[in-house]
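Open the model in your viewer and keep the selection panel at hand. The tour moves from stop to stop.

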Amino acid sequence: DTSVLPSVVAEPLNGNGPTIAAVHPVAPIPGQMTNWRSDLDWVSLLCKQPNVIMAGDFNSTLDHLIDLGQCHDAALVNGTAAVGTWPTSLPALLAAPIDHILTTPTWKAISAEVLQTEDDAGSDHRPIVAILSSSTE
């Protein structure tokens with residue numbers, strides 16, 4: 001689990017289907033760097049499982065997520081990884097892309113985009129949406 005902020009991992013009881021994780025590593029701020037690194041290590045462990053869909057505020061760019069094992073970033077695969085998700089007070093091309101949808105090779109990201117139409121909806125993060133397809137279909 002993540003060390004400071006809540007994360008949730010749901011695994012299918014019968015073993016059929018993906019493990020789905022909503023993750024929220026702590027921000028890399030003074031006093032939390034050890035926890036941040038530990039949280040990213042935990043994310044890396046999830047990427048070593050065979051069938052995972054993981055999404056959330058990773059508080060990390062892809063440059064920080066250096067050991068993703070077999071995970072792929074849906075935005076990177078679809079050419080939208082440079083579009084910033086935080087903060088909404090900055091234009092998307094100046095904001096940091098710290099929200100992600102990661103999948104193991106069981107899943108193919110058909111599309112991924114950062115929604116820029118919801119900047120006034122009340123969150124300081126832009127939503128990221130991906131369409132996934134089972135690679136076994």
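Which residues of H1 are buried? Select Trp-36, Asp-39, Leu-40, Trp-42, Val-43, Ser-44 and Leu-46. Buried means under 20% relative accessible area, exposed over 50%, partly exposed in between (1.4 Å probe, protein chains only). Helices (H or I, at least four residues) and strands (E, at least two) are DSSP runs, numbered from the N terminus.

A word on the source: this is a predicted model, where local features need pLDDT of at least 70, side-chain atom pairs count only at pLDDT 80 or more, and totals for chains, interfaces and linings use all residues. Residues are numbered from 1 along each chain as its sequence is written, and side-chain values use heavy atoms, without hydrogens and water.

Now show the strands. The buried residues of H1 pack against S1 (8-10), S2 (19-23), S3 and S5 (99-103); contact means heavy atoms within 4.5 Å.

Next, select Cys-47 and Cys-71. They form a disulfide, with sulfur atoms 2.2 Å apart; the cut-off is within 2.5 Å. The S-S torsion is about -105 degrees, so this disulfide is left-handed. Cys-47 sits in the loop between H1 (33-46) and S3 (52-57), and Cys-71 in the loop between S3 and S4 (72-73), so the pair ties together parts 24 residues apart in sequence. Cys-47 is buried, at 0% relative accessible area. Cys-71 is buried too, at 8%.

Last stop: Thr-2, in the segment before S1. Thr-2 is buried, at 7% relative accessibility. Beyond four places away in sequence, Thr-2 touches Ser-7, His-24, Pro-25, Asp-39 and Trp-42.
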